[in-house]
Amino acid sequence: IMAQRDLTNQFVRLREQGNSSRSIRSNSPGSGAGSLLDDPGSAGWSHPAETLPPLWVDLVDQVDDDVRQINDMMAELKTLHSDRIKSVFDTDLKGRDREIEVTTNNITGKFRHAESLLKKIGKVAEPGQTLTDSEIKVRAAIQSSNAKKLQTLSCTFRKQQKDYLTSISSQKSLNDTQFGVDLTPPPSAAG
């Protein structure tokens, strides 16, 4: 197994520092404002902020992460649904239902988060930068592509929820009137 470490947060922090100080830095020798990776004896290194991807690329990555997490949670939810449907006589049905509800709410939250990130992709710009027509078109295409992914995933999620609720409803109605006998408790005579 290879060892690895996540340098994403460090990367983002360094990029933001580079962007905020790019305009006041000079790369003259002895100014101390060279590249983070400068080797005193090497030439040709450029400032890392000049070679970093735009900020909106991070948003696309976050949307992709959300989509992966939604897929994982939907698989987990499908298992929870299956277990709940199989457990007709289980004594902890409320606990299972609560777990299903929490997972469902987490999935819904991820969908909302991904949608809000998608909206930001078209609006985010580097400080002092105006968007060119070609960049606007690229961002719109990426937004559209990711929106289609989310839409397809959302439809799958809604169908999964509908199928589960239909199964639970039919199971409940079958249990309430099993063998032609209405098993629902009579209303209590309070009065």
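How many salt bridges does the structure hold? The answer is 7. Keep in mind that this is a predicted model. I will go through three of these pairs.

Take D58 and R15. They form a salt bridge, and their closest N and O atoms are 2.0 Å apart. D58 sits in helix α2, which covers residues 55-86, while R15 sits in helix α1, residues 8-21, so this pair ties together parts that are 43 residues apart in sequence. Are these two buried or exposed? D58 has a relative accessible area of 18%. The cut-off for buried is under 20%, so D58 counts as buried. R15 is buried as well, with a relative accessibility of 1%.

The next pair is K110 and D66. Here the closest N and O atoms of the salt bridge are 3.5 Å apart. D66 is buried, at 3% relative accessible area. K110 has 23% and is partly exposed.

Now the last pair, E135 and R139. Where do they lie? Both are in helix α4, which runs over residues 133-176. They are 4 residues apart, about one turn of the helix.

Definitions and conventions. Residues numbered from 1 in each chain as written. Predicted model: local features only at pLDDT ≥ 70, side-chain atom pairs only at ≥ 80, totals over all residues. Heavy atoms only, no water. Salt bridge = Lys/Arg side-chain N within 4 Å of Asp/Glu carboxyl O. Helix = DSSP H or I, 4+ residues; strand = E, 2+ residues; numbered from the N terminus. Buried < 20%, exposed > 50% of the residue type's maximum accessible area, 1.4 Å probe, protein only.
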